[in-house]
Amino acid sequence: MSHAPALAIETHGLTRRFGARTAVDAVNLRVPARSVYGFLGRNGAGKTTTIKLLLGLLQPDAGSARVAGIDVAADRLAAARKVGALLEAQGFYGHLSGRENLDLSRRLLGLPRTEVGRVLEVVEMAPHAARRVADYSLGMRQRLGLARAMLGAPPVLVLDEPTNGLDPEGIADMRRFLRALPERANASVLLSSHLLGEIEQTATHVGILSHGRLVLEGALAELKAGLAAEVEIGTDAPEQAVAVARSHGFAAERDDQMVVVRLTEGDEPRSAAAALNRALCVAGVRVHALAPRQRSLELLYRQAAQPVAAAA
């Protein structure tokens with residue numbers, strides 16, 4: 001009896017160079033089955049290059065990638081059959097209906113006619129299937145792109161910036177849909193984005209890429225729980241506040257008009273904040289705000305990616 005692999009995507013030392021520039025640097029991805037994996041990084045971090053390597057559109061200079069248990073380099077076609085991808089270029093025929101566009105893709109893949117109706121139901125586009133794609137909103141086109149990616153029921157879906165260009169209502173609608181996608185499509189989802197807020201509300205796991213390197217990966221809830229506590233201080237003398245905090249052993253830095261102080265491991269946040277406030281008052285630093293920072297994906301990203309950016 002065969003079992004689905006525990007990892008939907010797995011890479012070992014995956015590396016790709018373009019001349020002297022290393023776009024993907026020894027990346028070890030671990031995407032659990034039936035997860036929504038938020039693949040994060042600013043523009044130029046190497047996300048799109050990594051995706052192209054996973055899809056077999058680029059060859060790695062070193063390392064390997066497995067998708068649904070299949071080595072991409074050893075059998076690119078077999079691996080491709082296990083992946084449905086939604087990239088930026090949608091390539092639909094505007095004069096054809098949504099159903100007709102999907103039917104063209106269905107025939108190219110050699111799939112039965114019933115497959116078109118199935119994916120239209122999954123993406124909730126069946127009521128609009130007879131309309132011309134030229135008359136679709138951007139959100140509807142994104143849904144149609146998802147339907148095309150799901151033809152043949154691949155166990156892995158790779159979605160590159162699926163909320164790009166959507167209005168707030170469309171983004172909220174897509175977010176709801178993506179959260180339910182593993183159950184509805186019986187698939188694992190790699191969701192590439194630079195929108196931290198959207199990933200935080202959608203993903204179960206995250207991987208953070210910075211300058212081609214995977215700097216953090218894991219279950220989002222666990223990673224947030226392990227964050228170092230931070231205190232945000234409002235003061236009219238931020239440089240002096242930073243100096244005082246550092247003189248008392250805290251890591252401190254300016255963040256726009258505020259001062260952010262990172263507590264050390266083992267510090268009880270309330271006691272540490274009180275001690276910090278006392279030290280600032282004794283030094284004559286007027287404090288008009290002092291509050292703990294929420295343990296968010298934004299904070300997680302900043303703590304993981306900033307040291308790499310500074311060293312690059």
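Author: By class, the second largest cavity has a lining of 6 nonpolar residues, 1 charged residue and no polar ones. This is a predicted model. The residues that line this second largest cavity are Arg-118, Met-150, Ala-153, Pro-154, Leu-157, Ala-185 and Ala-187. Arg is the charged class here, and Arg-118 is on that list. The space inside comes to about 40 Å³.

How many cavities of 30 Å³ or more does a search of the whole structure find? The search gives 2. The largest cavity holds about 70 Å³ of space. Its lining counts 13 residues. Pro-162, Thr-163, Leu-178, Leu-191 and Glu-198 lie nearest the centre of the largest cavity.

Which elements give two or more residues to that lining? They are α6 (168–185), β9 (188–193) and α7 (196–202). Helix α6 gives the most, with 4 residues.

Now the classes for the largest cavity. The lining has 6 nonpolar residues. It also has 4 polar and 3 charged residues. For the second largest cavity, the counts are 6 nonpolar, no polar and 1 charged.

Notes
Residues numbered from 1 in each chain as written. Predicted model: local features only at pLDDT ≥ 70, side-chain atom pairs only at ≥ 80, totals over all residues. Heavy atoms only, no water. 1 Å grid on protein atoms, 1.4 Å probe; cavity = no way out; pocket = protein on both sides within 12 Å on 5 of 7 lines; lining within 4 Å. Points joined across faces, edges and corners; volume = space filled by probe spheres on them.
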